[in-house]
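Colleague: Can you take me through the labels on this one? I'd like to hear what stands behind each of them.

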Amino acid sequence: MATALHNLSKYNKESIPDASNMCFGIVVAEWNSDITNALLDGAVTTLEKHGALPENIHVKKVPGSFELIYGAHQMVLHGYDAVIILGCVIRGETPHFDYICQGVTYGIAHLNTTSEIPIIYGLLTTNDLQQAKDRSGGKLGNKGDECAIDAIKMAKF
Ligand code: DLZ
């Protein structure tokens, strides 16, 4: 979870490469869709702000965060400059919170070491709904913005 002091939408705009020639895949989980749609809005808006063309941003939905691994794997096979995964798992509402979070984390980490394309980890793992709201366009910014910036930087890597 992001620290309470770090605003996820704050970054040095001068240092971000131009994204106008880049192509991005985004996989979004439908669980906690109010949160994940807000993350998606943030990611797309920020990519476009740095030059990415709408037709070069491809979004696919999956049922839950666990399916983000498969979705990211499929996107990697199709070749993008970077892939972003967006999901939200809330501890208080998810009996097997630790299993889902660990599964997604290991799955995406594995993909990052076995594929040619960077995959950016946009999984919110929070104790409650308010913490998720705070990080999806609330008082701590938007994790989607942060993922978009990381995707641009890693595409340029
Ligand atoms: C089953 C489940 C639960 C209980 N909670 C969440 C959650 O908080 N966030 C999320 O993205 N997905 C959740 N899921 C669904 C699983 O990720 C997955 O979709 C199902 O177990 C089917 O594989």
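Modeller: Let's start with burial: buried means under 20% relative accessible area, exposed means over 50%, and partly exposed is in between, using a 1.4 Å probe and protein chains only. Helices (H or I, at least four residues) and strands (E, at least two) are DSSP runs, numbered from the N terminus. This is a predicted model, where local features need pLDDT of at least 70 and side-chain atom pairs count only at pLDDT 80 or more, while totals for chains, interfaces and linings use all residues. Residues are numbered from 1 along each chain as its sequence is written, and side-chain values use heavy atoms, with hydrogens and water left out.

Colleague: Which residues of helix H2 are buried?

Modeller: In H2, residues 68-78, the buried ones are Leu 68, Ile 69, Gly 71, Ala 72, Met 75 and Val 76.

Colleague: What puts them on the same side of H2?

Modeller: Their arc around the axis is only 165°, taken from the directions from the helix axis to the C-beta atoms. An α-helix has 3.6 residues a turn, so residues three or four places apart point the same way. On the other side of H2, Tyr 70, Leu 77 and His 78 are exposed.

Colleague: What covers the buried residues of H2?

Modeller: Contact means heavy atoms within 4.5 Å. The cover includes strands E1 (24-29), E2 (57-62), E3 (82-90) and E4 (119-126), along with helix H3 (97-114). Just after H2, Gly 79 has a positive phi of about 75°.

Colleague: What makes E3 mostly covered?

Modeller: Nine of its nine residues are buried. One side has Ala 82, Ile 84, Leu 86, Cys 88 and Ile 90, the other Val 83, Ile 85, Gly 87 and Val 89.

Colleague: How do you know that E3 is joined to E1 and to E4?

Modeller: Two strands pair if DSSP finds at least two bridges between them. E1 and E3 have five and run parallel; E3 and E4 have eight and also run parallel. As for partners, Val 28 bridges to Leu 86 in E3, and Val 89 to Thr 125 in E4.

Colleague: Why is Cys 147 called buried?

Modeller: Its relative accessibility is 1%, so Cys 147 counts as buried. Cys 147 belongs to helix H5, residues 143-156. Leaving aside neighbours within four places in sequence, Cys 147 is in contact with Ile 84, Leu 86, Ile 120, Tyr 121 and Gly 122.

Colleague: And why does Ser 136 count as buried?

Modeller: Ser 136 comes in at 10% relative accessibility, so the buried label applies. Ser 136 lies in strand E5, residues 136-138.

Colleague: Last one: where does Lys 13 lie relative to Tyr 11?

Modeller: A charge sits over a ring if NZ of Lys or CZ of Arg is within 6 Å of the ring centre and within 35 degrees of the ring normal. Lys 13 lies over the face of Tyr 11, at 4.7 Å from the ring centre.
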